[in-house]
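Subject: Structure for your review, with notes

Dear colleague,

Please find below the structure that I promised to pass on, followed by my notes on it.

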Amino acid sequence: MANPANSASSRMPIASRDHQFAIPIRIVYVNSLNNFHFILEEDYAKLNELMSAMYQFYSSPNSASVVCTSKLKLGSLYSLYAYNEWYRARLLSVDQQQPIPDQQVVGSMQFELIDFGELIAVPCMELHRVARLLVRFAEMKPAALLGRLASVYPKPEETFNAAQALHNLVNKRVMYAFCRRAVNPASPTEQVANENGVSLAAKQSQTIIYHLDLFFVPTGWFQTECHYNGVDGKLLKAGLVHNRQDHLEVMHIGAVPCEYCGNGKEN
């Protein structure tokens, strides 16, 4: 089976002084300002088509693709029914307790929706919600990418409120993102492989974190724009965040040096 986890290294261009990349994205799941998942807008329509095809197939009474608990394998991909949709999901853990005689199976399974980044716990007694993932549904790379805000960070006492504010600002909206840098936290100083480094890219692709500045409309590349017209400005005015002192730094995928962009002034 094709494994969508084996994706290419960087899927977003890195902004610099010589390039103005405003990439349309949709943020689909927010854990915090330093941990949210987003989908490139160019992948969004493809994902909707894939999910429509999955819904049509798995909703058929003849799909015959339900799995049993004994055949579940950690780390493998399945189709999972949740929120009235079928999702591609990776099995992370199974906590199945010894059932009491004449009672239902107890325990739960934890899945990650690979196209949205959300974690979902499914009771073992609801195994009918889990199905084998067909090869044709596994060919598309995981749509969800991991991001964080590049220029601000939450005040310690406002971590939850800042995350909720970010969710309210971006939920179900097309946003425009400038990628300041892309970092592999497991090996920050090691450059991610290019298209030819298949094995390295497959190993590291899921750990890349994209440091983003977010805007509500396409805009030019100006250092002050994020603080006045973007998400940063909204959060700063609400008193939920601090400026990040190192937000001018841009790390280019596949290149050794770091470059700086903007006018070099803090706001």
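With which side chain does the side chain of Arg180 make a polar contact? The partner is the side chain of Asp213, at 2.5 Å, where a polar contact is a pair of N or O atoms within 3.5 Å, of which, within protein, one must be able to donate a hydrogen and the other to accept it, and residues adjacent in sequence count only if both atoms are side-chain atoms. Before you read further, please note that this is a predicted model, in which local features need pLDDT of at least 70 and side-chain atom pairs count only at pLDDT 80 or more, while totals for chains, interfaces and linings use all residues. Residues are numbered from 1 along each chain as its sequence is written, and side-chain values use heavy atoms, with hydrogens and water left out.

Overall make-up

The secondary structure of the protein comes to six helices and 14 strands, these being DSSP runs numbered from the N terminus (helices H or I with at least four residues, strands E with at least two). Of the 267 residues, 48% count as buried, where buried means under 20% relative accessible area, exposed over 50%, and partly exposed in between, for a 1.4 Å probe and protein chains only. Among contacts with a separation of 6 or more, 71% are made by residues 24 or more positions apart, a contact being heavy atoms within 4.5 Å.

The barrel

Five strands, in the order E1-E2-E8-E11-E10, close into a barrel with mixed pairing; two strands pair if DSSP finds at least two bridges between them. Neighbouring strands of this sheet are turned by 50° against each other on average, direction ignored, with axes taken as lines fitted to C-alpha atoms (for helices over the stretch in contact) and angles otherwise running from 0 to 180 degrees between N-to-C directions.

E2 and E8 are antiparallel over three bridges, with Phe36 opposite Gly147 in E8, whereas E8 and E11 pair in the parallel sense over four bridges, with Leu149 opposite Leu212 in E11.

Arg180 itself lies in E10 (residues 175–183) and is buried, at a relative accessible area of 2%.

Nonpolar cores

A nonpolar core is here a set of buried Ala, Val, Leu, Ile, Met, Phe, Trp, Tyr and Cys residues joined through side-chain atoms within 4.5 Å. The largest has 32 residues, and those with the most contacts inside it are Ile25, Phe38, Leu212, Leu214 and Val231. The elements that give two or more residues to this core are E1, E2, strand E8 (145–149), H3, E10, E11 and helix H6 (231–237), and the largest share, six residues, comes from H3. A second, separate core of 31 residues includes Leu72, Tyr78, Val130 and Ala131.

Points to look at

Tyr83 has a positive phi of about 55° although it is not a glycine, and Asn84 likewise has a positive phi, near 65°. Tyr83 is in the loop between strand E3 (77–82) and strand E4 (85–96), and Asn84 is found in the loop between E3 and E4. Tyr83 counts as exposed at 52% relative accessibility, as does Asn84, with a relative accessible area of 58%.

The structure holds zero disulfides, a disulfide being a pair of cysteine sulfur atoms within 2.5 Å. Cys124 is buried at 5% relative accessible area, and Cys179 counts as buried at 1%.

With best wishes
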